[in-house]
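Dear colleague,

Please find the structure below.

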Amino acid sequence: MKISVIGTGYVGLVTGTCLAETGNEVICVDIDKAKVEKMRNGEVPIYEPHLDVIFERNIKANRLRFTTSLEEGLDHGEIIFLALPTPEDEDGSADLSYVLNVSEEIGKKIKGYKVIVDKSTVPVGTAEKVQEIIAKNATCEFDVVSNPEFLREGFAVDDFLKPERIIVGSSSEKATDLMKKLYAPFVRSGNPIIVMDEKSAELTKYAANSFLATKITFMNEIANYCEKVGADVDLVRAGMGSDSRIGKRFLFPGIGYGGSCFPKDVKALRKAGKDRDYDFKILSSVIEINSAQKTILLPKIEEYFNNNLYGKTIAVWGLAFKPETDDIREAPSIDMMEGLLSKGAKLQVFDPEAIPNIQKRFGDKLIYAESMYAATENADALLICTEWSIFRTPDYEKLKKQLINPVVFDGRNLYNVNDMEAEGFTYVSVGRKSVNL
Ligand SMILES: NC(=O)c1ccc[n+]([C@@H]2O[C@H](COP(=O)([O-])OP(=O)(O)OC[C@H]3O[C@@H](n4cnc5c(N)ncnc54)[C@H](O)[C@@H]3O)[C@@H](O)[C@H]2O)c1
Ligand SMILES: O=c1ccn([C@@H]2O[C@H](COP(=O)(O)OP(=O)(O)O[C@H]3O[C@H](CO)[C@@H](O)[C@H](O)[C@H]3O)[C@@H](O)[C@H]2O)c(=O)[nH]1
């Protein structure tokens, strides 16, 4: 089939590449000329495991092309995906300007039947708005489908190729049939394509993200309470998670959730509720708790250094909002680093992929280390913000020699508390006892 994807970011590029992989002819459109140039030169503009291999394969096979011309994209595809940003607006709502502006252009430019598929995360009623906007100018038939995306950064290719479910929100039989045909290769394992109305599809996405953010936040509260009463959140988590009604996943406490989705989507659902006189009290709590959780280790670090961080050097391992991505949007590391800098600390930071993005934001306020051990060299303490695999089994002897004080503040509970105690580290994590303090 002929497919066009408008917006070639994390979602658009993965969608376009994976759809090319199953034999479709795909054109990806982006407004960012430099990005399009890079992709034309065979360069993947983001860090996403396994994407490079299928990207290269499909470009070579001429099934995957890139352009800055919306017109070219609209002429090519019978199915047009919108994978455009929907960032947080000042009042917490989703900024729909990218989606609605492109929809206006679509109405003016389409020449034959098209299925316009909204893959961006958008509030209930957006498909209806898009339909109306296109209809103002369109001279041909078209359908609008809501098809929210559930991929996770770091696992995006796998999530797209083997989705647990695909949601298709549509009231058009013709468009639904086309979507089922397009997605047939991805649901061979028996996972369902769930067809529903557009509004329910739009809400499914916000409900899923808000539920997951709530699940994490609940565990963070349990972790904080564990510290008060001397319980161990790892054990509580194992005990709770073995109940299949609760499940083992997304129960990991730490310094809060970040990323390009949970923070903005939880706020957008709360705001959408408010607009309909519905007060999502639970979401307000989640937002408030997560915001505090991001800097929960800050007072503990200050206390360790007798409330004087001035001139202290703190090594920071992990800057991305989670492992296996270079994305730093709403990363808890940012809140922690801003807090530490404001107290006069010097920061030697390392991340396997996210340094260029952090550098754009912090400039020369940070010392950028070339390796995890270069970051800990002569540092007064180590802070861990992201659980990259390479941090999981460090050379403890080397670490102890490098650090001025053998102290680790671990925002992701990477190490066994008893092992750290035996190794002689002062070790402070989340929801577990602190040792050698
Ligand atoms: N990142 C994720 O993991 C993820 C997962 C599921 C859903 N989503 C949702 O998908 C949407 C896109 O997210 P993303 O992370 O891919 O965003 P992104 O910022 O990585 O990419 C968006 C792309 O759109 C381009 N763009 C902006 N205006 C354009 C225009 N007028 N024409 C063509 N291209 C234009 C930008 O240059 C950019 O490359 C959002 O609604 C997001 O909430 C994201
Ligand atoms: O037990 C857990 C699991 C996650 N996190 C944090 O939660 C955030 C989000 O993690 P994750 O969901 O793995 O990453 P995203 O790539 O943001 O993916 C989420 O957001 C996407 C965009 O909407 C959705 O498509 C995905 O289904 C949804 O998982 C990160 O900061 C994680 O560190 C925790 O603190 N504890």
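A residue is taken as near a molecule if its C-beta atom, placed from the backbone, lies within 6 Å of it. This is a predicted model, in which local features need pLDDT of at least 70 and side-chain atom pairs count only at pLDDT 80 or more, while totals for chains, interfaces and linings use all residues. Residues are numbered from 1 along each chain as its sequence is written, and chains are lettered from A and ligands numbered from 1 in the order in which they are written.

Ligand 1 is surrounded by 25 residues, of which G7, G9, V11, S120 and T121 are the closest. Two elements, helix 1 (10–21) and helix 5 (97–109), each give two or more residues to this shell; helices are DSSP runs of H or I with at least four residues, and strands are runs of E with at least two, numbered from the N terminus. Helix 1 provides the largest share, three residues.

The protein as a whole has 18 helices and 14 strands. Its C-alpha trace spans about 70 × 50 × 40 Å along the principal axes.

The protein is divided into domain 1 (2–196), domain 2 (205–293) and domain 3 (298–428), with bounds from an automatic or database domain assignment. The centres of domain 2 and domain 3, taken over C-alpha atoms, are 24 Å apart. Nine residues of domain 2 are in contact with 12 residues of domain 3, contact meaning that C-beta atoms, placed from the backbone, lie within 7 Å.

With kind regards

Note on methods:
Two residues are in contact if their C-beta atoms, placed from the backbone, lie within 7 Å.
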